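Dear colleague,

My account of what was found in it comes directly after.

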Amino acid sequence: MHKNFGVANFLKQLNEVQQQAVMQTEGPVMVIAGAGSGKTRVLTYRVAYLLTKGADPFNILALTFTNKAAREMKERIIKLIGSTEGKNVWMGTFHSIFARILRVEGHHLGYPQNYSIYDTDDSKRLIKSIIKEQNLNDKVYAPNYVLGRISGAKSGLVSVAEYNQNPEVKASDESAGKPKIGELYKIYQGRLKKAQAMDFDDLLFNMYILLRDFPDLLYKYQQRFKYILVDEYQDTNHAQYMIVKKLAANNENLCIVGDDAQSIYGFRGANIQNILNFRSDYPDHKVFKLEQNYRSTKTIVGAANGIIVNNKNQIFKEIWTENEEGNKINILKASSDNEEGGMVANSIFEHKMNFQLKNNEFAVLYRTNAQSRSIEEALRRRNIPYRIFGGLSFYNRKEVKDLLAYFRLVINHKDEEALMRVINYPARGIGKTTLEKLIVEADRVNKSVWEAAEKLEVSNPGLNAGTRRKIIEFTTMIKSFKAQVGKKNAYDLAKHIATSSGLLRQLYEDKSPEGVSRFENIEELLNAIKEFTEQERTLQTEEETEEKNSIRTLDEFLQEVALLTDQDKNDKNSTDYVSLMTIHMAKGLEFPYVFLVGLEENLFPSIQSLSARADLEEERRLFYVALTRAMKKITLSYAETRYKWGNLTICEPSRFLEEVDEKYIEAPRKASIHKSDFFESGPKIRTTSSGDKEKVKRKNFRRVSSVSPEPSHGGMDHSELQTGMEVEHRKFGRGKIVHLEGDGANKKATVFFKGVGNKQLLLKFAKLKVLK
DNA sequence: ACCGTATTCAGCGCG
DNA sequence: TGAATACGGT
């Protein structure tokens, strides 16, 4: 009704380029959005603009990477144009939108409407059990590695058949000493199908197959999604890229937004080429570059620009700002990780006192989660409240997953991972042996484990009457829950399941602090379900609208929760704390004062990024992302020694420190960030008086000197090692050196171990014994 | 079936 | 170092 209300008004809130990007509604559009340039603003205004121009909300598809991004965008659109229209826009993550479509269309591929979604945890368990069943060595076939290969294949749209037929893939698996991956992939997919389950990669893979193999479906969704928007396009993988391409192929009203400089998810399959190639993919495109930064000071913008130019692979742009010059960058040098924490905490304290700041104006960012400990301790000592983001999120807690597994099993009896999780939890005397018999029986009749359990009366897997009764009690209970799915609302049924399964009682009886917290988590989950039942439905397909009644049921809840991971269920924004998180987690956020810690070689840039140029460029983009989180001031810090894996190790300052232009740095850079100096600080560690430290330090030096017997001085050269030599490693056994690189403390050897494959070893740490 | 102890292994992590 | 899992004894 107020379709044109305030259009002119809200366009006035945009700068010129932003306006152009918003108003170019037809044809392919690429928006290159520098850090802090108002990217979300452009996306939301564009959707709002489309709606005021008369587009039907059901015809707009907006894809994001996180639930958070989708939610925020939706809220802002509703603010701009009101909730009736805003609510109906198809806005969500790739996974949630496709999961929804697959509920409706999955039957074309043989999936029922109530298919389960396996999370990474379920996938890993399944892979593990397959590896075990196949009698493969789980050192050679490390579950994580296998899963990585499979996931990589699926996100690259390589099917089981294609994987097994491709000679290059085969050769690469064989040279890695893992020729059976293709077979594991096949078994894995078979088991998922049998459990009527999809993993996260399947949601994308199967969506693509639907569009590729069913022209009428392709046509249907092309008609439905007349306007497509994709956020964070630099983070799309091949599957996502191809799906978007298919959907947009008809009218090419596709708007992608992203920043190649902030592509930091290459390690999980994101393909930066997708954004770099957009121009050639869509020759009729228009490009808009958002280059004005509204977030940071000139110093921060200048320093960030200065470091990112060191990357070769990028789209040219010039980020600038009208903001003030601001504070120079501070660099802190600490002698140890603990001291680094102390210096950061002190600096936060001083800033707070001097400028009357609140805790939530500060963030401490690090490369790896393990670094949070020393920072945490230091903040705690100074009574500065903090909150760690990341780590175990709510939905990954064991007790929460257990209850959710009950729900999953109720909705889809064939969900094997769910069944394994709960069949004997709480303990009901169905142990490992019994389960194994059931699995063998299921395998024999080629049915799911559930079906084998259900048909105990007729089959005879050699179980005694007592065990049999227990299993039948269990299946009867689950079936009785199932009967209530459509009758009770989600909360009532969830509560009923939690109680009559015995789960709630089991947790209640555990009075240890952990037990109490577990019980509270279940209460919280139940509260979330209660909230859910009281919410209105949003966004539904026509197919869904017809048959739904007024109550919100457990299966509906499950569909939403399966794709939820954020720890931001209820943002407790009210409290005032310093934020601690990894740089990855900080992407998209901003803080007035940012401390970036652990700027050391082999940590940031990380040790595994040093061998490939592309990886190093990704690390540099990560550094860029970290710098551009700061609005007013950024402080960088590094330590000369750090505990890694329980050992004291000596660290060199990061190369990234040298890439920051001197003119932005507060005090003139000390010579101390150079190698020569830092080795002089070596003896300092040896003369500590504390007996405790003495032990650690001796352990450390023993490690170093085990390669060469002389008293170490840090600068060992391992010159006795040559390519082609046979060596022995404590863990991997005998191997042959195939490559040597770097020198001094960074000298690395690539060694081929039989049955293990090639391993890169830092000679500083690896105990290599020369055999000949 | 369950519990305490030994052993192992460390990246960033959206859905 | 410390969390997660495997193992082995009861």
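The notes below take up the sheet, the hairpin, the salt bridges and the backbone in turn. Please bear in mind that this is a predicted model.

Parallel sheet

Six strands make up an open sheet, in the order β3-β2-β6-β7-β1-β8, and their pairing is parallel. At its edges are β3 (90–93) and β8 (286–290), each of which pairs on one side only. From one strand to the next, the twist averages 15°. Within this sheet, β6 (residues 227–230) and β7 (residues 254–258) run parallel and are joined by three bridges; Val230 has Ile256 in β7 as its bridge partner. Helix α4 (residues 67–81) lies across β2 (60–64) and β3, and runs at about 155° to β3.

Hairpin

Strands β17 (residues 641–644) and β18 (residues 647–650) pair in the antiparallel sense, with four bridges between them. Opposite Thr641 stands Ile650 in β18. The two strands, β17 and β18, form a hairpin with two residues between them, and Trp645 in the turn has a positive phi of about 50°.

Salt bridges

The structure holds 36 salt bridges. Three of them are described here.

The side chains of Asp119 and Lys401 meet at 2.5 Å, N to O, in a salt bridge. Asp119 and Lys401 are both buried.

A salt bridge also forms between Asp199 and Lys154, whose closest N and O atoms are 2.8 Å apart. This pair links distant parts of the chain, with Asp199 in strand β5 (residues 197–199) and Lys154 in helix α8 (residues 143–155), 45 residues apart. Asp199 is buried, as is Lys154.

Arg421 and Asp402 meet through their side chains in a salt bridge of 2.8 Å, N to O. Here Arg421 lies in helix α21 (residues 416–422) and Asp402 in helix α20, 19 residues apart. Both of these residues, Arg421 and Asp402, are buried. Through salt bridges that share partners, Asp119, Asp121, Arg125, Lys398, Lys401, Asp402 and Arg421 are joined into one network.

Backbone features

Two cis peptide bonds deserve a mention. One joins Tyr425 and Pro426, with omega about 0°, and Pro426 is found in the loop between α21 and α22 (432–444). Another joins Phe604 and Pro605, with omega about 10°; Pro605 lies in the loop between β15 (591–596) and α31 (613–627).

The loop between β15 and α31 is also the place of Asn602, a residue with a positive phi of about 75° although it is not a glycine. Is Asn602 buried or exposed? Its relative accessibility is 14%, so Asn602 counts as buried, the limit for that being under 20%.

Gln196, likewise not a glycine, has a positive phi of about 50°. It sits in the loop between α11 (181–194) and β5. With a relative accessibility of 18%, Gln196 counts as buried.

Yours sincerely

Note on methods. Residues numbered from 1 in each chain as written. Chains lettered and ligands numbered in written order. Predicted model: local features only at pLDDT ≥ 70, side-chain atom pairs only at ≥ 80, totals over all residues. Heavy atoms only, no water. Pairing = 2+ DSSP bridges. Salt bridge = Lys/Arg side-chain N within 4 Å of Asp/Glu carboxyl O. Buried < 20%, exposed > 50% of the residue type's maximum accessible area, 1.4 Å probe, protein only. Axes fitted to C-alpha atoms, helices over the stretch in contact; angles between N-to-C directions. Contact = heavy atoms within 4.5 Å.
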